[in-house]
Each structure stands twice: as structure tokens, then as C-alpha cells.
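Hi there,

Here is the structure I promised to pass on. Please have a look, and below it you will find my notes.

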Number of protein chains: 2
Amino acid sequence: MNHETVYHEELPSVTGWIRNKLTNPKERIRSYFLSLFPFITWIYRYNLVWFSNDIIAGLTVAAVVIPQGMAYAGLAKLAPQFGLYSSFVGVIIYWFFATSKDITIGPVAVMSILTGTIVDDIHKLYPEYDYHVIASALAVVVGCAVCALGMFRLGFVVNFIPLPALAAFTTGSALNIIVGQVPVLMGNNKSFDTRQSPFLVFINFWKNIRFCNYNAILGLSALVLLYSIRLFCTYAIRRYPRREKLFFFLNTLRTVFIILIYLFISWLINRHDPTHPHTAILGTIPQGFQNMAVPTIDRTMLSELVTYLPSAIIVLVIEHIAIAKAFGRINNYAIDPNQELIAIGVTNVLGSFFGAYPATGSFSRTAIKSKAGVRTPLAGVITGIVIVLAIYVLTPVFFWISQASLAAVIIHAIGDLIIGPKTLKQFWRVNPLEFLIFWIGILVTVFSNIENGIYVCILTSLLLLLYRFGNAEGKFLGQIQFVSEREKRNVYISMNHSDGTNPMIDPVEMNDGIFIYRIYEDFLYPNAANYMEKLVEEVFRKTKSGKSFLYKNLGEQPWNLQTSRHPQRQHQLLDPRPHLHAIILDFTGISHVDITSLQHLVDIRQQLDNYTNSKVNWHFVGIANPWIKRALLAHGFGSSNDINQTFAMANANSILVPILDTSYPLFHVDVDEAYQTALVDLAKRQNIDSSALTVS
Amino acid sequence: MNHETVYHEELPSVTGWIRNKLTNPKERIRSYFLSLFPFITWIYRYNLVWFSNDIIAGLTVAAVVIPQGMAYAGLAKLAPQFGLYSSFVGVIIYWFFATSKDITIGPVAVMSILTGTIVDDIHKLYPEYDYHVIASALAVVVGCAVCALGMFRLGFVVNFIPLPALAAFTTGSALNIIVGQVPVLMGNNKSFDTRQSPFLVFINFWKNIRFCNYNAILGLSALVLLYSIRLFCTYAIRRYPRREKLFFFLNTLRTVFIILIYLFISWLINRHDPTHPHTAILGTIPQGFQNMAVPTIDRTMLSELVTYLPSAIIVLVIEHIAIAKAFGRINNYAIDPNQELIAIGVTNVLGSFFGAYPATGSFSRTAIKSKAGVRTPLAGVITGIVIVLAIYVLTPVFFWISQASLAAVIIHAIGDLIIGPKTLKQFWRVNPLEFLIFWIGILVTVFSNIENGIYVCILTSLLLLLYRFGNAEGKFLGQIQFVSEREKRNVYISMNHSDGTNPMIDPVEMNDGIFIYRIYEDFLYPNAANYMEKLVEEVFRKTKSGKSFLYKNLGEQPWNLQTSRHPQRQHQLLDPRPHLHAIILDFTGISHVDITSLQHLVDIRQQLDNYTNSKVNWHFVGIANPWIKRALLAHGFGSSNDINQTFAMANANSILVPILDTSYPLFHVDVDEAYQTALVDLAKRQNIDSSALTVS
């Protein structure tokens with residue numbers, strides 16, 4: 001076996017980094033533009049098998065989206081046809097840009113109600129803009145913003161919306177929507193203003209309960225029927241698993257059945273006097289795309305919309321990405337979040353020309369499409385064709401649709417968005433603080449509005465993150481001997497057993513002045529001071545200073561040491577604590593350092609050198625990347641006067657070679673190596689000290 | 001040796017945590033209130049030795065602060081006496097609350113110039129408020145805010161101001177101040193508006209250079225003298241180290257000498273016609289505290305001041321805390337940042353009653369006090385007494401002070417705040433991105449204003465922090481054999497040598513379907529998705545699915561797999577990759593998980609179980625605290641059907657006991673243990689598989 005005793009690592013430089021980023025620009029640009037149109041990668045393989053599956057899925061979704069679209073348009077304070085326009089555009093454009101076969105873009109409940117509040121707010125200030133004009137303008141603005149996010153590959157910001165925020169906001173919105181729809185279902189919605197804050201609507205609903213009318217019979221029975229069909233089908237699927245497909249379609253089409261049944265009933269009741277109907281009906285829906293136009297966006301509109309932009313973007317994006325990822329996992333494909341952002345963006349911008357309002361991925365319809373066996377994103381086109389037919393042919397029939405049954409459809413669909421007690425309990429068990437954030441979000445959403453709910457949730461989560469980050473704590477490790485059938489070796493566990501290790505095992509306090517300190521999370525400006533203060537505190541507690549502080553009288557004492565008024569020399573001399581010898585920083589979990597944290601290290605090194613009256617060795621363990629090394633070396637860490645050999649060798653084709661760069665003997669592979677090195681050095685120093693003593 | 005084979009760890013509960021926080025409330029409250037008045041801990045030990053040292057330090061500081069205070073008041077757009085009031089209050093109150101003996105509170109350059117811009121802005125809008133009234137109101141408001149931060153123990157927010165931000169803001173402010181003072185020094189400040197943006201002042205200075213007058217002679221010569229004395233003293237201290245004390249005091253008092261010399265010159269020039277002076281003089285300064293009053297704070301004032309509050313708080317706090325910590329380290333004591341905040345807060349609030357404007361810890365005077373050998377915070381009182389004497393006795397003399405010499409004093413003092421090229425180079429080597437942030441901060445400070453400079457620096461740093469956090473990456477580890485003289489053992493290094501390990505050593509790719517994945521930083525909502533996506537990608541690349549995908553024709557192929565148009569069965573069958581067996585997550589560097597990250601884990605577990613068509617074992621290594629365990633257990637991690645024994649044992653008083661809770665065989669002490677466990681389990685499974693094969 002030979003020794004290859006030298007290894008030099010090349011440290012990174014900024015120019016090298018930039019050069020690396022600029023390699024092969026043509027290829028990079030080409031693949032970027034290809035990624036914008038993913039349909040190129042599969043359209044040439046399209047075949048009849050795929051088509052037959054897509055057609056079933058496309059038709060199923062169409063049957064669901066037509067009633068849902070018309071219902072959700074109401075939440076956005078728009079006439080039903082705008083829901084149809086949005087549904088059409090959503091499905092017809094998306095497949096060009098899609099990286100998910102399951103996603104179905106179109107009007108969704110939460111985005112609709114948010115659009116409703118925005119449209120309402122702006123219309124109050126500028127009555128010259130029609131509701132649908134504002135809604136379309138919103139679609140353009142938010143579409144452009146989302147598209148830009150995707151183009152610049154900023155999709156990762158979506159990750160800054162945590163799950164509890166998402167849950168609070170969907171649950172809160174669902175409660176808002178239900179509270180708003182119950183009066184429509186019960187028929188007393190004309191008796192008071194249903195556009196107020198949800199809790200006011202709730203109070204007023206009960207105050208005006210006597211104004212409920214025939215609609216209540218239609219609505220309540222429709223709701224009961226919807227739940228009954230679902231319950232029956234779920235039961236039937238379990239009972240007759242062979243007929244799963246049949247019951248699935250039955251279940252999926254329950255909305256259409258209910259709408260049609262109640263359309264018929266509503267027609268029976270009201271056919272003689274459609275101008276004064278006994279139960280609320282949908283009314284005239286214009287045939288065809290009556291609102292195709294270049295969307296109106298002037299400066300006033302833009303400046304008004306901008307303030308609502310963040311919440312609109314958040315709602316548009318989180319639901320879509322969350323759904324896309326979930327179904328990607330279920331059906332074994334990976335979506336590209338940035339490309340999905342571009343897809344929603346383009347869809348919304350183009351949609352506005354058809355009179356559409358903001359649309360995004362719908363959870364319920366995506367699930368239906370996935371289960372109906374969709375094979376490619378092209379299924380959307382089938383759905384689109386059916387919707388166009390509906391817009392041109394079926395509008396006279398839609399006239400008779402019962403408003404109460406639409407309300408039932410909304411409430412039924414929305415009910416699933418409310419978080420269940422089981423999930424809540426898990427929230428609590430995983431993280432009580434986030435559980436609290438969830439409830440704050442719900443309260444703000446219900447008592448203020450959805451927008452504020454989102455903001456509060458995201459901000460409190462971010463504050464919690466920063467608080468945790470700023471208050472990160474290091475741990476002092478101690479050596480124990482790990483024993484198994486195969487071997488004995490040293491492992492290092494927290495000295496105070498805060499890591500849940502068996503308190504019967506005592507990491508022996510070595511009294512050798514060597515400290516092993518593990519840094520958790522990062523070592524950056526918010527927490528560097530904390531880490532270093534804790535370290536110094538512990539060092540001061542466990543070691544004695546290299547200079548002897550013998551206070552002969554009160555005047556020599558420093559002001560800040562709470563010693564007695566009669567200083568005793570003995571107390572100082574008999575101090576059994578060791579001198580500080582070395583500090584081992586475990587950087588295993590760290591991937592960045594910065595100027596501030598390095599400055600703290602330097603300051604503390606200075607302080608401790610003063611304290612011991614000699615040079616303390618700083619060992620570093622598990623440095624994850626050469627940038628950290630570069631930073632440490634810039635401040636003179638890594639090398640040492642006493643230690644000039646690395647311990648760590650490894651086999652490479654039966655030659656022993658050093659694992660790490662041999663110029664930096666204070667950078668180590670693992671804690672054990674660092675500790676052994678420090679011990680050897682300590683022994684050497686003590687020998688010198690004792691021989692020096694012998695000589696003198 | 002006996003085996004104690006069972007160990008159960010108690011998991012934490014929220015009620016337990018709260019109960020723990022509420023133990024011994026009396027003691028907690030008592031120590032909280034004691035911590036508010038730290039002088040109690042040392043005042044009873046006060047003695048003559050301390051006093052003699054304090055008196056020297058106190059007098060030295062007084063000699064420096066009197067000219068500085070008057071000069072800095074000009075930066076705050078106030079008459080010189082307000083600088084004296086602020087100096088007096090700063091030193092006289094602080095010692096009650098001080099946890100640092102060295103800190104000297106009083107007017108400082110950067111806070112003064114910030115006060116100047118704020119006062120100017122508000123005075124323009126509401127001319128009915130005098131300058132000094134606004135300045136005092138600012139002192140009250142900002143004092144209350146800072147005091148509240150300290151009371152609620154929120155001092156840690158100071159850590160969110162990184163060093164490059166601090167450097168950019170002090171350097172930028174220094175440039176601003178110097179650009180503003182040069183016209184005063186040269187005497188052409190009356191020819192144009194010096195309150196504009198620094199770069200405009202700079203341009204106008206050169207445009208109006210012809211208006212320079214006699215003041216230029218005084219100012220420039222004073223500046224040259226100041227630097228010469230300092231240069232000489234620094235040289236002399238090195239040359240005659242025995243006389244260090246003498247030269248230190250000479251150096252320290254150079255400001256006073258210069259002011260006095262030029263006061264005399266100014267008197268000689270102007271004594272005959274003080275109403276039309278040839279060179280600018282300070283003018284009448286009222287004797288005594290003429291502006292003692294309850295500060296005026298009405299609603300208008302408050303609403304105006306609130307917008308400036310963040311920047312004022314930041315400037316007030318960061319300088320003070322940074323200085324206090326630095327001198328604590330030098331003189332070996334620890335400050336309490338929260339208590340320091342209370343100290344500045346109270347000082348400013350009370351100061352406003354004397355007519356003071358916002359004051360904070362001064363770097364230069366703190367350094368002087370420390371070097372002059374101060375022993376206790378009480379030295380401030382000595383300084384205070386001298387200032388009072390000056391206010392009552394010396395004001396007639398101050399009349400003749402040369403404005404140009406004051407400008408020289410300011411420029412001379414401020415020059416040291418500009419960062420040097422050596423530090424800049426180190427910034428670059430430690431972190432090129434932060435180097436960029438530094439320059440952005442400088443540019444914004446110089447071309448816009450100090451406030452914006454601070455905000456931009458802090459926000460860009462925070463964005464960088466969040467970007468890093470959101471884009472954190474995990475690493476796949478591989479086993480290598482560590483060889484030293486003493487032993488052979490396994491260590492785990494990054495598979496791709498991105499940790500700088502010797503590329504000659506190859507962590508053998510085991511082809512056993514076991515992945516070791518180390519998570520860096522935290523595993524929280526911003527980065528959980530990232531970590532998991534990378535993991536799944538690698539798993540899909542390195543293993544084959546448990547279900548066999550044999551596509552007989554094009555129609556069976558999924559849309560997203562870019563396979564050929566003529567699927568080949570062979571290609572699928574001969575896949576040499578292993579099945580996924582286990583995933584080892586190295587949590588060593590992690591101290592928190594949250595609901596979102598746990599949900600990601602659960603989703604990925606589901607996805608991978610589907611992929612392999614069996615249950616994948618998830619091993620966890622180095623869990624730092626029981627809360628993480630609680631969260632993992634809530635989602636069913638930690639236990640396994642196959643593995644029911646832990647490997648990790650350790651000696652405790654010569655009994656072998658398990659290191660970790662024996663109910664969770666998938667939580668491990670270190671990576672090696674986890675990997676061995678996974679290997680043993682793999683062998684067991686393969687045995688079962690092969691025996692099953694034999695039977696069938």
C-alpha cells in the first residue's frame with residue numbers, strides 16, 4: 001500500500017462560477033424555448049387509444065363544469081355566461097402549455113369569491129366600469145404577473161405559502177361562501193345585503209329567516225339528494241367493486257342530474273309566468289360569445305388592481321400548483337411549476353379577450369378527469385367543444401335553471417374544502433404553533449376577509465420562520481462508545497440528552513478543555529451572535545482563564561463580577577477547571593456562512609485567545625462546500641501552527657489517500673477525527689509544557 | 001455485562017411546556033425586575049480605586065463630548081446647545097440601567113444627520129413646530145419604542161441587521177456627512193442649499209468653489225492639524241511604548257486643543273465686529289437649560305413621526321448594541337442586549353424633557369472611555385457634571401468658536417466610519433453576493449438618502465436569506481472507509497465530492513436500493529418540496545419500479561414518457577437497476593420540522609410505496625429534539641413491520657443499554673447504524689424472496 005500524501009482542493013472563484021453559468025448558451029436557450037411548449041414532446045405520438053380515453057374524460061368534465069361554471073360566476077358577482085366563457089378558455093388553451101394531463105383550468109370557488117370582492121370594491125369607487133370589465137381586466141393583470149413569475153423561473157416563491165396557511169384560507173373561504181349561499185338556498189337573500197362580512201350575513205340570515213320561501217324546498221331537497229347520491233355511490237363502490245366504473249360516473253354526474261331535475265321542476269312551476277317566477281330562476285343568458293373584446297385596462301383600473309394583485313396571484317397559483325403536484329404524484333409524472341405558472345398566466349390573459357374572469361386549476365374537476373382515465377392534456381379540447389355547443393345551443397334551456405339548486409351545487413362542492421378534525425389533530429401533534437396560525441387565519445378570514453386571511457397566515461408563518469432562525473441554538477456534544485455485535489466505535493451525542501438519548505448513558509465530561517459544538521440550521525447573520533454567545537458562556541463556565549485573576553482587594557475587582565466584598569485568593573488558585581484547549585465546530589448541517597457570521601467567529605476567536613492567553617485551535621467538521629472553506633480561509637481559519645498533518649485517509653484503488661485537502665489540517669471529515677486530532681495535540685502541548693517545567 | 005434492553009423516551013406535550021414556563025413565577029418576576037436596575041449589583045462595592053479611575057475617564061470623555069456635541073447638533077439642524085443637552089442627559093441617566101461600563105451615550109453623527117432629515121421633512125409640512133420641538137418629540141417616540149423592544153425581550157431582532165448593511169449604512173452616512181460639511185469647512189455653504197441630496201451638494205460645491213473664503217484657511221488647517229496630531233501620537237506610542245498613556249491622552253484631547261486654538265484665532269479676527277464676523281462663528285448660546293419642557297406630542301406629530309420610526313429605531317439600536325458587544329468582548333464582560341435597549345429608551349424619553357434630541361452609544365467616545373481606564377458606568381456622572389458646568393459657565397466663550405473648525409472636527413471624526421479596502425476585500429472573499437448588497441446600500445444611501453439605504457440593505461439581505469433557505473439542497477452520501485493508525489471505520493461523504501473530498505476516493509455505489517440523503521439547514525415549508533423532489537428524481541433515476549411497465553403498443557405508453565414510437569419489451573426487462581429498498585434521511589443539522597414538510601414526507605412515502613409496490617423503510621438519523629420525533633410519529637414514521645430491534649447500544653456503568661428509545665427502530669444515532677440496519681433488513685428480505693421463489 002502506498003501513501004499519496006498530498007491532495008489540494010481547488011477553491012471556487014466568482015469568475016469560474018459565472019463562466020460555468022454561461023457555458024453552452026445556445027443549448028440553454030433552445031431547451032428553455034422548448035420547455036415553453038411541452039405538447040411538442042407528445043403530440044406526434046397521439047393515437048386512437050389515447051383519444052378514446054380522452055374523449056370520455058373530456059365529456060365527463062364538460063358535464064360537471066357547465067353547471068359549476070354558471071354557479072361560480074355568481075360568486076364572482078357576474079352573470080352565468082361569464083362562468084361558461086371562463087370554463088371554455090381554461091380548457092381550450094391550457095393543453096399547449098401543460099405539464100400535467102389531469103389539471104382542469106376553469107372557474108373555481110375560491111378565486112370566484114375573491115374576484116367578487118375585488119370587482120365589488122372597484123365598482124363602488126368607479127361605477128363607470130361594468131363588473132365583467134373589471135373581472136376581465138383582473139384576469140389580464142394577474143395573468144401577466146403569473147406568467148412573468150414563470151418566465152423568470154420564480155416558481156419557488158410558491159413554497160413560501162405553508163400548508164396551514166393554505167388550509168386556513170381554503171377552509172375560511174369555504175365558510176364564507178357557504179354563509180353567502182345559504183340565503184340563496186333558502187330564498188331569503190333578497191331581504192338583506194349578502195355582500196357584507198360573513199358573520200353579519202350569518203346574523204342577518206337568522207334575523208330574516210321568516211322570509212324563506214319555496215326556494216328553500218327546492219334548495220334543501222337538492223342538497224339532500226346530492227349528498228345521498230354521493231353516499232350511495234361510495235357505499236356501492238365498496239359493496240360492488242366490480243362496478244366501480246359505473247358508480248364513479250353516476251357519482252360524478254350527480255350535479256348534472258340534479259340541475260336537470262330541478263330545471264324541469266322549475267320549468268313546471270314557472271312556465272306560465274316567466275317574468276314573475278315563483279322560485280328564483282337563472283334568467284336570460286345571451287347566446288354565443290357576446291363579450292368578446294379587447295379588455296379595458298387604463299391607468300385608473302391598473303392602479304386600483306395592483307393593490308389586489310398579491311392576493312389574486314397567491315390564490316391563482318397555490319391552488320393550481322398544489323393540485324398539479326398532487327396528481328403528478330398519484331399518476332407518476334413530474335410537473336414543472338414554472339411552466340405551469342406560464343400556462344395559467346397565458347390562459348388568463350387570452351381568456352380575458354373572450355370575456356373570461358380569472359380561472360385556475362380546479363381540484364374537484366381535476367380529480368374527476370384523472371379518475372375518468374384521461375391520457376393526455378388534449379382531453380381539454382373535447383371539454384371545450386362541448387362548452388361551445390352549450391354556449392350556442394343550450395342557453396334557452398339554462399333560462400329555467402333553479403337558483404336554489406345552483407346554490408345547493410355550490411354548497412355541496414365547497415363542503416369538501418373544509419378541513420376535517422383528523423387533519424386538525426395531526427396539525428396539533430406535528431406543530432402546535434402552526435396550529436395556532438391556522439386558527440388565526442380562519443378567524444381573520446371569517447371576521448375580516450379572504451385577502452387579509454391569506455396575508456396574515458403567510459406573514460405569521462414567515463415571522464415564525466425568522467424567529468426560529470434567529471433563535472437557533474447549538475448543542476454541545478460528548479463522546480460515548482457505541483457497541484454493536486460487529487464493532488465498537490465512538491459516537492457523539494448531546495451532553496444534556498436533549499436529543500432524546502438514554503439519560504443512563506453519560507457522555508464523559510473529559511475535563512480536557514475541548515468543546516464540541518454542533519451548529520444547527522445555518523450559520524448566518526440572524527443567528528451567528530446567538531451561537532457564539534452560547535459557546536463563550538459555556539467555555540467561561542467550564543474552563544479557567546489563562547491569565548490568573550487574583551484580586552488583592554476590592555478595587556482590583558471588576559465591577560461586573562459578583563464576587564464577595566472580601567476577595568479570597570484561595571478560591572482562584574484551587575480552580576479545578578481545565579484551560580481551554582480547542583473548539584470543534586460541527587458544521588455538518590450547514591450550507592452557507594456569511595460576512596456577519598464570519599466576523600462573529602473572528603471576534604470570538606480574538607476574545608478566547610485573550611482569555612486563554614494562547615492560541616486556541618478551531619477545528620471544523622463536515623464543511624459542505626468549498627465556498628464555506630473559501631470564507632473561513634479568508635479569515636485565517638483552517639491552518640494551525642501546532643497541527644500540520646491530517647488524520648483522515650481512505651482507500652482509493654488500494655492506495656491510501658487523504659480524504660480532505662492536506663493544507664488545512666483543522667478541517668475534518670467527522671467529529672471523531674477532529675476530537676482525536678485535538679486530543680493528540682493536547683498531549684503534545686502538555687509534554688512540551690511539562691518538559692519546559694522540568695528544564696526550568 | 002447485562003443488557004437493559006428497553007428504554008422509553010417521554011415525548012413532549014404542550015401542557016408540559018407551558019407548565020415548565022410557568023414554574024416559579026415569583027422568582028422569575030423578581031429577577032426580571034432586578035435585571036432592570038443592574039447598578040444594584042455593584043454600587044455597594046463602589047470604592048476609591050474605582051472612583052479615581054472613573055474620574056479620569058469621565059473628565060476625558062467630557063473634554064471630547066462638549067465640542068463633538070455642539071458640532072453634531074448642527075447635523076441635526078439644531079442650535080449647538082441642544083447637542084450639549086443631549087450629551088448631558090445621555091451620560092447622567094445611562095448608568096442606572098447600564099450593563100456596559102464603557103458605553104457613552106450622547107449625540108452621534110449618524111443619528112444626528114438622520115434626525116436632521118426627519119426634522120427638516122416634518123418642519124416643511126408643519127412649520128408651526130420648531131425644529132427642536134420635533135427633535136425632542138422624535139426622542140420620546142423612538143425612546144418608547146426601543147424601551148418596549150427591550151421590555152418584551154425582542155432584542156434579538158437586532159441580529160437581523162447584517163454586517164454589510166451596517167457597513168454600507170455607516171460608510172454611506174459618513175460620505176453624506178462629509179459632503180455636507182466640506183462646504184462649511186470651505187466657507188461657500190451660504191452660496192447654495194446644502195440640504196439637498198449628497199450628490200447635488202457635491203456638484204454644487206464645485207460649481208460654487210469660487211465663493212470659498214477665509215473659513216477655508218481655518219478649516220483646512222484645522223483638519224490637517226487634527227490628522228497630524230493623530231499620526232504623530234500613533235507613531236510616538238509605537239516608538240515610546242512606555243509613554244503610551246501620555247500620548248493616548250494627548251491624542252484624545254486633540255479635538256479640544258484644536259477647538260480652543262481656533263476659538264482664539266476666531267476671536268482675534270472677529271472681536272471688533274462680532275455682528276459681522278469675517279469667519280463664521282458659533283454665535284450666542286443661551287446659558288443653562290433653556291428648553292426644559294414637557295415634549296409636545298400631538299396626534300399630527302405622532303402620525304408623521306411613525307413613518308420615520310423604523311429607520312430611527314434601527315440607527316439608534318444597531319450602533320449601540322454593536323459597540324456594547326464589541327467592548328464587552330474586549331474587556332471581558334457580557335452585556336444584556338435587551339437591558340441595553342431599555343437603557344437607551346429611558347435615556348431618550350427622559351432626555352426630551354431637557355430639550356435633548358435622539359442620542360445613542362458613540363463609538364469614538366466609548367473607545368476613549370474604555371482606553372482611559374473606566375471602571376464602572378458611574379464615570380458618566382462625572383462627565384455629566386462637567387457638561388452642566390459648561391452649559392452654565394462656558395457659553396459666553398463658545399460664542400467665538402469657529403464654524404470651520406467644527407466642520408473639521410466632524411470630518412475628522414467621521415472619516416473613520418468609512419470602510420477600508422482591506423475589509424472590503426475580505427467581504428468579497430467571504431461572500432461575493434453580500435459584497436454586492438453592500439454596494440447597493442452605498443449607492444442608495446448616497447443617491448437617495450440614509451433611510452432608504454438602511455431599508456434596501458436589510459431587505460435585500462433578508463431576501464437573500466429567504467432565497468437561500470427556499471433553494472436549499474440535500475446531498476446524497478456514500479460510504480467510504482476511513483483509515484488511520486488507530487482504526488478503520490466507515491464515514492459518509494457526498495457522492496459527487498461537492499464537499500471538497502478527494503475525487504480519487506470513490507464512495508462505492510452499492511446498487512442495493514438504499515439512499516442516504518442529508519438535509520442541510522432546516523426542513524421547513526420553504527424548502528421541503530425542493531428536498532423531496534430532488535430525492536424522488538434521484539430514486540427514479542437509480543432504481544426501477546416494482547411494477548413492470550411493459551408497453552405492448554403506443555396506446556399503452558403514458559403521454560409523458562419520451563420513449564420510442566415502437567416500444568421494445570427487452571429494454572424494460574433487462575433493467576439492471578435495483579429496486580428501491582430504504583431511504584435514510586440524515587437530520588443531523590435540523591432542529592425543526594413543520595406541518596408542510598411532514599406532509600411532503602407523507603406524500604413522497606405514498607408515492608414511493610406505489611412506485612416500488614411495497615413498503616419502503618424510512619430511516620431517520622440524528623434527530624435533535626423530541627418535538628421532531630413527536631411530529632414524525634404523528635405521521636407513522638419511526639416504526640416498521642420488518643425491523644423491530646435497534647442496533648445502537650452503549651456502555652452505562654458497564655451495562656449495555658440502548659442509546660435511543662427501543663420502540664422506534666427506524667430512528668438512529670448515526671448514519672452508519674442506519675445503513676447497517678438497512679443492509680441487514682435487505683438481506684433478510686432477499687432471503688424471504690428467494691425462499692418464496694424456491695417454494696413456488
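Of the 696 residues that make up chain A, 57% count as buried. Please keep in mind that this is a predicted model.

The accessible surface of chain A is about 29600 Å², with 63% of that belonging to carbon and sulfur atoms. As for overall form, the radius of gyration of chain A is 34 Å, whereas a compact globule of 696 residues would be near 26 Å. The C-alpha trace of chain A spans about 120 × 65 × 60 Å along its principal axes.

In secondary structure, chain A has 24 helices and 10 strands. If you take the contacts in chain A between residues at least 6 apart in sequence, 79% of them join residues at least 24 apart.

Now to the interface. Here 129 residues of chain B are in contact with 128 residues of chain A. Together the two chains bury about 11300 Å², and 60% of this is on carbon and sulfur atoms. Three residues, B:Tyr525, B:Trp559 and B:Ile595, supply 9% of the area that chain B buries against chain A, more than any other three residues do.

One residue I followed up is B:Leu633, which sits in helix H23 (residues 626–634) of chain B. What is B:Leu633 in contact with, once its neighbours within four places in sequence are left aside? The partners are A:Arg429 from the other chain, plus B:Leu11, B:Tyr664 and B:Phe667. B:Leu633 counts as buried because its relative accessible area is 17%, and the cut-off for buried is under 20%. B:Phe33 is 600 residues away from B:Leu633 in sequence, and their C-alpha atoms are 41 Å apart.

Most residues other than glycine have a negative phi. A:His497, which is not a glycine, has a positive phi of about 60°. A:His497 is found in the loop between strand E4 (488–494) and strand E5 (514–518) of chain A, and is buried at 15% relative accessibility. In chain B, phi of B:His497 is likewise positive, near 60°. B:His497 lies in the loop between strand E4 (488–494) and strand E5 (514–518) of chain B, and is buried with a relative accessible area of 15%.

Best wishes

Technical notes
Residues numbered from 1 in each chain as written. Chains lettered and ligands numbered in written order. Predicted model: local features only at pLDDT ≥ 70, side-chain atom pairs only at ≥ 80, totals over all residues. Heavy atoms only, no water. Helix = DSSP H or I, 4+ residues; strand = E, 2+ residues; numbered from the N terminus. Rg over C-alpha atoms; globule rule 2.2 N^0.38 Å. Buried < 20%, exposed > 50% of the residue type's maximum accessible area, 1.4 Å probe, protein only. Contact = heavy atoms within 4.5 Å. Areas by Shrake-Rupley, 256 points an atom, 1.4 Å probe, with all protein chains shown as cover. Buried area = accessible area lost by both parts, 1.4 Å probe.
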